[in-house]
Structures are given as C-alpha cells and as structure tokens.
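Subject: Structure handover

Hello,

Here is the structure for your files. My notes on it follow below.

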Amino acid sequence: MEGMTPLLRRKEKKRPADRMVTLIGKPGCHLCDDAQAVVEKVCAETGAQWEKKDISQDEELYRLHWEQIPVVLVDGEQHTFWRVNPERLRRALEG
C-alpha cells in the first residue's frame, strides 16, 4: 500500500430544497412561536422544507429535548435550541 493515497470522498452538497428543518416545540411556548417565525421565513427564502413536532405528543422527543425547547433539527441533526439565528440557519441550509 506504500505510495497509495487514500481516496477522499467529498460529501455531495445538498440543495436547500433537499433539506428538512424540524421544529420541536409545544403549544403555548412563546419561544417556540418566535422560532417558528424564523424557520418559516428562512425556509420560504431558501426553498427548504420544514415540519413542526409537538414534544408533548412524543415521549421520545420529550425525553431527549424537554429542557431545550424549542429545538431545531436540520436533516435530523440538532442545529440549535431556545433561539434561532436566521443567518446561521440560512448558512446551514445553503451550506
């Protein structure tokens, strides 16, 4: 194997339209409402899809994220919690 270089694979860049943003929150949470406004705006601008999940309706989400809501995931990985920075979310989606 001497003299051989390992094959480096680049991760193919996803288009924003191929990304999924998940907002995890609960009804009556003002921070969740604020986060939703940011998620809706950034997703509308970038073409990314988004969904909302109610932590009070999902035992696993409750166990994982109760102390951090609202939580924002990008493609299933935690992006942020409590407050959503629109520029940071936009960069993650356009990345």
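**Cysteines**

Cys29 is buried, at a relative accessible area of 10%. Buried means under 20% relative accessible area, exposed over 50%, and partly exposed in between, with a 1.4 Å probe and protein chains only. Cys32 is buried too, at 5%. Cys43 counts as buried at 3% relative accessibility.

Before going on: this is a predicted model, where local features need pLDDT of at least 70, side-chain atom pairs count only at pLDDT 80 or more, and totals for chains, interfaces and linings use all residues. Residues are numbered from 1 along each chain as its sequence is written, and side-chain values use heavy atoms, with hydrogens and water left out.

Cys29 and Cys32 form a disulfide, with their sulfur atoms 2.5 Å apart. The rule is a pair of cysteine sulfur atoms within 2.5 Å. It gives a count of one disulfide. The torsion about the S-S bond of Cys29 and Cys32 is about 75 degrees, so this disulfide is right-handed.

**Fold**

The protein chain has three helices and four strands. These are DSSP runs numbered from the N terminus: helices are H or I with at least four residues, strands are E with at least two. From the N terminus on, the order is β-α-β-α-β-β-α. Of the 95 residues of the protein chain, 34% count as buried.

**Helix H1**

H1 covers residues 30-46, which is 17 residues. Buried residues in H1 include Leu31, Cys32, Ala35, Val39 and Cys43. Their cover includes strands E1 (20-25), E2 (49-54) and E3 (71-74), and helix H3 (86-94). Gly47 follows H1 and has a positive phi, near 90 degrees.

**Cores**

A nonpolar core is a set of buried Ala, Val, Leu, Ile, Met, Phe, Trp, Tyr and Cys residues joined through side-chain atoms within 4.5 Å. The largest has 13 residues; Val21, Val39, Val72, Val84, Leu89 and Leu93 touch the most other members. E1, H1, E3 and H3 each supply at least two residues of this core. H1 gives the most, with five.

Which residues does Leu89 touch, not counting those up to four places away in sequence? They are Val21, Val39, Val42, Val72, Val74, His79 and Val84. Contact here means heavy atoms within 4.5 Å. A second, separate core of nine residues includes Cys29, Ile55, Leu61 and Ile69.

Best regards

Conventions
Expected span 1.5 Å × (residues − 1).
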